[in-house]
Amino acid sequence: MESASLVQGIKAKAEELGFDRIGITTPDEPTHYDIYQSWIKSAFHGEMEYLSNSRSQICRRNPRELLPECQSIIVLATRYANPNHFSRSLPSIQSQTNQLTTDSSSIEPFLSGKIAAYAWGKDYHHVLKKRMKMFIRAIEELCGRSLKYRVFTDSAPILERDLAQRAGLGWIGKNSCLIDPEIGSFFFLSEILLDLALPPDSPFTADHCGKCNRCVTACPTECILPNRTIDARRCIAYLTIESRTALPEPLRPALDTWIFGCDICQTVCPWNHHAINLPVIPEFQRDGGSSELNLVEILQMSEAHFNERFAESPIRRTKWQGLARNAAVALTNLAKNNPQLSGIIAEILTKVLKTHPDALVRQHIVWSLQHINSQSAKEAL
Ligand code: SF4
Ligand code: SF4
C-alpha cells in the first residue's frame, strides 16, 4: 500500500478503536532530553529511582534502545475524563454534616478523600495495552506483513510528552502536561514503536499558555518549576502515590483531602474548560470506579481487602500502607477545616490507632491527633 493511504488507514483504525488522537514521529533523540537530565541532576525525582538509573537515561535519549529495529513511533492520546466530572467532595461534606447529628455513624459516610481523575476507572496499563495490540493486528493487515513492535503507556523509560509534541499532538504546558487545543489535557499517552517506516507528522510548535499562570498560582505546594517541570518531591501526586516514607510534615496541610494524586493544575487550566465534550471509553468512566473513597473504610481495611478491592485499579500503586497513611492526613485536614467534625474524627482516629497493624500509619495518626483541636484528641494522646 502506498504510504499516504497506509497512514490514512492507520489513523482511521485508531479512531475506530477509541483513541482520541494519533501522531507519528521518528525514534530520534527527544528535543527536551537536556531538560530531563538537569531535572534528574537536581534530584527533583525524589524516591523514583527508576527515572534516574543509567538504563533509564540511555533509553530516554535513544528510543531505539527499546526496539533496535524501530523506524517510527506512533503516539496515541486517550481521554480519561471530561472536565465537568470532577470531585466536589468537600462542599458536599460541609453541607451534609451541617444537617447531621453528631454521632460518628451518621457522619462517617461523608468523610471522603479525593482520587485523581485518571484513577477513577480501570487500570489504564491493561486497558490501553489491549487496545494497542488490537491496533497492531489492524496495522499488520493494512501493510500485509507481521511487525516487530513494542507498546507502552506510562510503562517504559521514554519521554512520552516530548515525543507527543514532536508527533504534533499538542504542547507541553507550564503544568508539565501535554495539552491538545481541542481536548485539553485529561488523557493518557501511549506509544507504539514499530519496524515500519511511516512519514512523520509535523511537530506542534505553538505555545498556547501565553501569559496564563493559573496552574502555577493554584498549585498548593508551589512545586511547578519555570522550565515546565515539577519538583516531584513537593507534588501531591508524587507524595500520595510514589512516596513510600513519611509525608513531609510542612506539606501535609496542603494535601487537603487528596489521597491518590491531584488534579488541581489541570482543573484550573482554561484549555480544559474549553475542551470539546468527547465520550470517554467505558473502562475509564467514573461509574466504573471511584472518584472518592471513604476515609474510615480505608483506615479499617486489611491489606488483603485492599489488594482485592483495587486489583484492577491504578490505586493499587500506592499500596495499602500508603493509602491508609494518606487517609490519616486527609482526616486531619477535614477536622481542621470543619471544626464541628474534629471531636468525631479524633474518636475515629483513636480507635484506629489502637488496632492498626502498620507503624507508619500509626505514626501519621499520632501526628493527626496532635494537630486536631479537640478534647478527644488530647485525651487520646
Ligand atoms: S498535581 Fe497538584 S501538587 Fe502536583 S503540580 Fe499539579 S497542582 Fe501542584
Ligand atoms: S493553566 Fe495556563 S499556564 Fe497552566 S498549563 Fe494551562 S494554559 Fe498553561
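1. Contacts of Ala164. In this predicted model, Ala164 touches several residues that lie beyond its neighbours within four places in sequence: Gly23, Val75, Leu169, Gly170, Leu178 and Leu189.

2. Setting of Ala164. Ala164 belongs to helix H7, which covers residues 160–166. Is Ala164 buried or exposed? Ala164 has 28 other C-beta atoms within 10 Å. Because a residue counts as buried when 20 or more such atoms lie within that distance, Ala164 is classed as buried.

3. Helices H1 and H6. Helix H1 spans residues 3–16 and helix H6 spans residues 124–143; their axes come within 10 Å and cross at roughly 155°. Angles over 145 degrees count as roughly antiparallel, and H1 and H6 are therefore roughly antiparallel to each other. The crossing of these two helices is right-handed.

4. The contact of H1 with H6. On the side of H1, the contact is formed by Leu6, Gly9, Ile10, Lys13 and Ala14. H6 contributes Phe135, Ala138, Ile139, Leu142 and Cys143. Sorted by class, the contact of H1 with H6 holds eight nonpolar residues, one polar residue and one charged residue. The spacing of such residues may be read with a general point in mind: an α-helix has 3.6 residues a turn, so residues three or four places apart point the same way.

5. Helix H15. Helix H15 runs over residues 342–355 and contains 14 residues. From its first C-alpha to its last, H15 reaches 20 Å, which is close to the 20 Å expected at 1.5 Å a residue. Which residues of H15 are buried? They are Ser342, Ile344, Ile345, Ala346, Ile348, Leu349, Val352 and Leu353.

6. Helices H15 and H16. H15 packs against helix H16, residues 359–371, at an angle of about 150°, and the two axes are 10 Å apart. The same cut-off of 145 degrees applies here, and H15 and H16 are therefore roughly antiparallel to each other. H15 passes H16 in a left-handed crossing.

7. The contact of H15 with H16. From H15, the residues that make the contact are Ala346, Leu349, Thr350, Val352 and Leu353. Their counterparts in H16 are Arg362, Ile365, Val366, Ser368 and Leu369. By class, the contact of H15 with H16 comprises seven nonpolar, two polar and one charged residues. Among the H15 residues in this contact, Ala346, Leu349, Val352 and Leu353 are buried.

Conventions:
Residues are numbered from 1 along each chain as its sequence is written. Chains are lettered from A and ligands numbered from 1 in the order in which they are written. This is a predicted model: local features need pLDDT of at least 70, side-chain atom pairs count only at pLDDT 80 or more; totals for chains, interfaces and linings use all residues. Helices (H or I, at least four residues) and strands (E, at least two) are DSSP runs, numbered from the N terminus. The expected span of a helix is 1.5 Å times one less than its number of residues. A residue is buried if 20 or more other C-beta atoms lie within 10 Å of its own, exposed if 12 or fewer, and partly exposed in between; C-beta atoms are placed from the backbone. Axes are lines fitted to C-alpha atoms, for helices over the stretch in contact, and angles run from 0 to 180 degrees between N-to-C directions. Angles under 35 degrees count as roughly parallel, over 145 as roughly antiparallel, 65 to 115 as roughly perpendicular and the rest as oblique. A crossing is left-handed if the near helix is turned anticlockwise from the far one by less than a right angle, and right-handed if clockwise. Two residues are in contact if their C-beta atoms, placed from the backbone, lie within 7 Å. Ala, Val, Leu, Ile, Met, Phe, Trp, Tyr, Cys and Pro count as nonpolar, Asp, Glu, Lys and Arg as charged, and the others, Gly among them, as polar.
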